[in-house]
Amino acid sequence: MKPPPFTYHAPRDLGEALETLAGVGGKVLAGGQSLIPMLNMRLAAPEHLVDINRVAALATLEAAPEGVTVGALARHAQVARADAHPLLGQALRLVAHPVIRNRGTVVGSLVHADPAAELPAVLAVLGGSVRLARHGQGERDVPAEEFFVGPMESAVRPGELAVSAFFPVLPAGSGTAFREVARRHGDYALAGVCAAVTLDEDLHVASARVACIGVGPVPVVADVTTECDRRPASTVDWAAVTRAVQEATEPEGDIHASAAYRLHLVGVLAEQALKDAARAAAQEAAPSPATG
Amino acid sequence: MEHEITLVVNGTARRARVPARRLLSDCLRHDLGLTGTHVGCEHGVCGCCTVLLDGEPVRSCLTFAVTVDGQEITTVEGLAGPEGPSPVQRAFGECHALQCGFCTPGFLCTVTALLRENPAPTDEEVLEGISGNLCRCTGYQNIAKAVHRAAELLAEEGQ
């Protein structure tokens, strides 16, 4: 298996990268951990490849009080090590294998938009956004709900470059969790759920959202705040919550799992992830134990 | 169109003329004659082609040689020191952590980096660390043992 031939471009800075993309179109190569397998298997045959690995200015990770901005060349391992966002950390542990994470990029995974990938769900549940740049024009920020258009399809237009992604920090008293089931560790999940729960001062659920993977063309976001009925997690009607999440999904069957099994799985995982997230939120909200 | 590239492989600068689509795995094996790096699945699943890029393990079948022009690469051929096999290599021998040997170069590179980052991994960390490498002889028990043994050898030898 060898990739089909292509014309190779290796811009040295962002301006040159945008100019090249505007001139020849072509596919952007960052970590290549999804693109190169597709080339090797000849599922893709772009005429031009624009390799952004030399654009050092894109290998950034900025943590601010309102959120974390991940540059287009920040690798999974680099982002996980920085420990800048709890949910990103939880999700990155589930992305492929450590060696793949040394090379793969967070923004690349978002642009690849695999409906079973973890990071699109993280962006979706947090309500984050992706910043797109184009030669000679201003940048535009696309919110997660508009960014994922379909399976393997994002809102990036030909000639545009996704330069960064913004993952908002949740308000105080919040917790997150990511649960998934895969045939083998490191494989794409049959189904998965990431959850974000915020508790109020009385530790009642003030907001609860999930994003589900593997059960729709794009990450399926379900807000189950209403179903949680502002109760403490221990008395929430989890059957009702599970039903609401399942109703939002449109799982399909394939060689790995039937649609019915995926539907079952997403319900079980949603309950587990939401309970985990609520527990983490309660720990965050609890007064820290006296030390010394 | 061919590209002139220089890779620092196992400490030696090596030049090659390669088409852009040349995978690093093929560049090492065919252009540079370093056939220790094995090629299994060629889509990043099996881990046989794992090499160290600037010290970090990566899949050489999922990396273009042109992309890493100028960077440092360590292959299985570069793991041994002047004294002979590295502690990781010796531990694999001692613990019978190789049968047919096809997956071994990938495991050795992965484990060398793993122990550099985490000199005393737990059982769980070992399994997570080698989870991206497949052994079709299914000799995982001995491979996991060898990782712990290599950690011991490295600690004893103060490396």
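**How the descriptions follow from the values**

Reader: How do you know that the span of helix H3 (residues 104-117) of chain B agrees with its number of residues?

Author: At 1.5 Å a residue, the 14 residues of this helix should span 20 Å, and its end C-alpha atoms are 20 Å apart, so the two values agree. Note that this is a predicted model.

Reader: What makes H3(B) largely enclosed by the rest of the structure?

Author: A residue counts as buried if 20 or more other C-beta atoms lie within 10 Å of its own. In H3(B), 12 of the 14 residues are buried, and therefore the helix is largely enclosed by the rest of the structure. Among the buried residues are Pro105(B), Phe107(B), Cys109(B) and Ala113(B).

Reader: Which elements do the buried residues of H3(B) pack against?

Author: In chain B they pack against strand E3 (50-53), strand E4 (56-59), helix H2 (87-94), helix H4 (123-130) and helix H5 (140-156). Helix H5 (98-101) of chain A is also on the list.

Reader: Why is H2(B) called oblique to H3(B)?

Author: The axes of H2(B) and H3(B) come within 9 Å and cross at roughly 125°. Roughly perpendicular covers 65 to 115 degrees and roughly antiparallel begins over 145, so an angle between those ranges counts as oblique. That makes H2(B) oblique to H3(B). Val88(B), Gln89(B) and Phe92(B) of H2(B) make the contact with Thr104(B), Leu108(B), Val111(B), Thr112(B) and Leu115(B) of H3(B). By class, five of these residues are nonpolar, three are polar and none is charged.

Reader: What makes H10(A) oblique to H11(A)?

Author: The axes of helix H10 (residues 238-248) and helix H11 (residues 259-285) of chain A cross at roughly 125° and come within 9 Å. That angle makes H10(A) oblique to H11(A). Their crossing is right-handed. Residues in the contact include Trp238(A) and Val241(A) of H10(A), and Leu263(A) and Glu271(A) of H11(A). The contact has seven nonpolar, three polar and one charged residues.

Reader: How many residues of chain B are in contact with chain A?

Author: 22 residues of chain B are in contact with 22 residues of chain A, where contact requires C-beta atoms within 7 Å. E4 and H4 of chain B are the elements that give two or more residues to this side of chain B. E4(B) gives the most, with four residues. By class, the side has six nonpolar, 11 polar and five charged residues.

Methods: Residues numbered from 1 in each chain as written. Chains lettered and ligands numbered in written order. Predicted model: local features only at pLDDT ≥ 70, side-chain atom pairs only at ≥ 80, totals over all residues. Expected span 1.5 Å × (residues − 1). Contact = placed C-beta atoms within 7 Å. Nonpolar A, V, L, I, M, F, W, Y, C, P; charged D, E, K, R; others polar. Axes fitted to C-alpha atoms, helices over the stretch in contact; angles between N-to-C directions. Parallel < 35°, antiparallel > 145°, perpendicular 65-115°, else oblique. Left-handed = near helix turned anticlockwise from the far one by under 90°.
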